[in-house]
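Please look through the structure shown here, with its sequence beside it, and keep both in view while reading.

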Amino acid sequence: MPLLTADDVHLSFGETTALRGASLHVYAGEVLALMGPSGSGKSTLLHCLAGILTPGAGSIRYGDRDLARMSDAERSTLRRGEFGFVFQFGQLVPELTCLENVALPLRLAGAGRRDAQRSAATWLERLEVADLAGKRPGQVSGGQGQRVAVARALVTEPAVIFADEPTGALDSLNGELVMKLFIAAARDTGAAVVLVTHEPRVAAYSDREAVVRDGRVREQEPAR
Amino acid sequence: MSVGFALLGLLENGPRHGYDLKRSYDEAFGRDRALHFGQVYSTMARLLKNGLVEVESEPGDGPERKKYAITDAGITDVADWLSRPEKPEPYLQSTLYTKVVLALMTGRDATEVLDAQRAEHLRLMRVLTRRKNEGDLADELICDHALFHLEADLRWLELTAARLDRLAARVRP
Ligand SMILES: Nc1ncnc2c1ncn2[C@@H]1O[C@H](COP(=O)(O)OP(=O)(O)OP(=O)(O)O)[C@@H](O)[C@H]1O
Ligand SMILES: [Mg+2]
């Protein structure tokens, strides 16, 4: 059974129809690239899958649970416990150090300060940015910041990581390094990754791709 | 190679004389490499022998008077060619362009041609990416070179996909 399923999802923003019958399956542990032209609905679909947006019609299921039938509290528990997020930039809290940023999801889940910081330090090390622990996001480069963001997404060992153009603001050498470390770490923890990208070299880190066009998806079958 | 399929595909919208075929080909695909008459007739002779076209005119007429029509086997051959992605290697543009234009001209789904090719390219890019990340610096540099070329092809595919409507308006009969 797929871990996540979008079934005939429709979603409009006022007059603009962003999704018109989008269906997609995400399997446990796989890296799935979402490609397609600008404005085709990739981010909107990602937000639906992550329970951030609610479809106007159709359903999103996590395992066999319909996200639309959960209470807000249940949905945010799901998001905090099972999902991780990496965006293009601007996701780190500027007032906190890199270490505190990575520890934050654990703190929100109720972990003690010392335990949270110990785990966070391990993750910074895995992403090869241990030396940035005491710096604030404003003091690190774009590529370093993205590696901190990846560490923060992985620290709770989520089942799915949603990444929207995680290397979109980086040059190709830095983007490559982020992808290499990100995907290796995700594969280690067994997390599935839904990766929105328009860069073929980034998509080449995936196991398969799905193409979004005009709010619909053409999905490549998973390899058997 | 793709000349044969292109000539065949051009016959899908109706039978034509060799001269007419050459003109349509040059107009659609031959911008910097117009066909020679000899090439048209030798290609048509091969297609005829393979049962992919048939001749409609009276026997005894010269080659320039022959009218060619595509057979069912010919139509199947064009469809197979369009749905079969090209082996990913650099500088495929002219073959892919021919495929896309032919798909549009014959009312087939050109995005399917592009998507199949993207999948094929990505398959190879995944292999190269894995090899690169498991190998030494030399592997890395060699694989990167190939990856940049494949990426360029893919970017061109994306741009073409985004311009299909405009292209269709120009090439549809
Ligand atoms: N908050 C919003 N309000 C209104 N319209 C929106 C909103 N978000 C997205 N849209 C519209 O919905 C459509 C799909 O947008 P979406 O952001 O999902 O595209 P995308 O595929 O992620 O594009 P890009 O590659 O440029 O990020 C677009 O037409 C966009 O203008
Ligand atoms: Mg987007």
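Leu122(B) lies in helix α6 of chain B, where helices (H or I, at least four residues) and strands (E, at least two) are DSSP runs numbered from the N terminus. The model is a predicted one, in which local features need pLDDT of at least 70 and side-chain atom pairs count only at pLDDT 80 or more, while totals for chains, interfaces and linings use all residues. Residues are numbered from 1 along each chain as its sequence is written, chains are lettered from A and ligands numbered from 1 in the order in which they are written, and side-chain values use heavy atoms, with hydrogens and water left out.

Is Leu122(B) buried or exposed? With a relative accessible area of 0%, Leu122(B) is buried, a word that stands for under 20% relative accessible area, whereas exposed means over 50% and partly exposed covers what is in between (1.4 Å probe, protein chains only). Leaving aside residues up to four places away in sequence, Leu122(B) touches Met35(A), Pro200(A), Ala203(A), Ala204(A), Glu209(A) and Leu154(B), a contact being heavy atoms within 4.5 Å. Between Leu122(B) and Glu151(B) there are 8.9 Å in space, C-alpha to C-alpha, although the two are 29 residues apart in sequence.

Glu151(B) also belongs to a network of salt bridges that links it with Glu176(A), Arg201(A), Lys132(B), Asp144(B) and Arg155(B). A salt bridge here is a side-chain nitrogen of Lys or Arg within 4 Å of a carboxyl oxygen of Asp or Glu, and by this rule the count over all chains comes to 25.

Because Arg118(B) lies in helix α6 (residues 110-134) and Glu158(B) in helix α7 (residues 137-162) of chain B, the pair ties together parts that are 40 residues apart in sequence. Arg118(B) is buried at 3% relative accessibility, while Glu158(B), at 24%, is partly exposed.

Arg126(A) forms a salt bridge with Asp188(A), the closest N and O atoms being 3.0 Å apart. Since Arg126(A) is in helix α4 and Asp188(A) in helix α6 (residues 172-189) of chain A, this pair ties together parts 62 residues apart in sequence. Arg126(A) counts as partly exposed at 35% relative accessibility, and Asp188(A) as exposed at 60%. The side chains of Arg118(A) and Asp115(A) meet in a salt bridge as well, at 3.6 Å from N to O. These two are separated by about one helical turn, because they are three residues apart in helix α4 (residues 113-126) of chain A.

Two packed helices are described by the angle between their axes and the distance between the axes. Helix α2 (residues 18-28) and helix α3 (residues 37-49) of chain B pack at about 115°, with their axes 10 Å apart; axes are lines fitted to C-alpha atoms, for helices over the stretch in contact, and angles run from 0 to 180 degrees between N-to-C directions. α2(B) and α3(B) are therefore roughly perpendicular to each other, the term for angles of 65 to 115 degrees, with under 35 roughly parallel, over 145 roughly antiparallel and the rest oblique. The contact is made by Gly18(B), Tyr19(B), Leu21(B) and Lys22(B) of α2(B) together with Phe37(B), Val40(B), Tyr41(B) and Met44(B) of α3(B).
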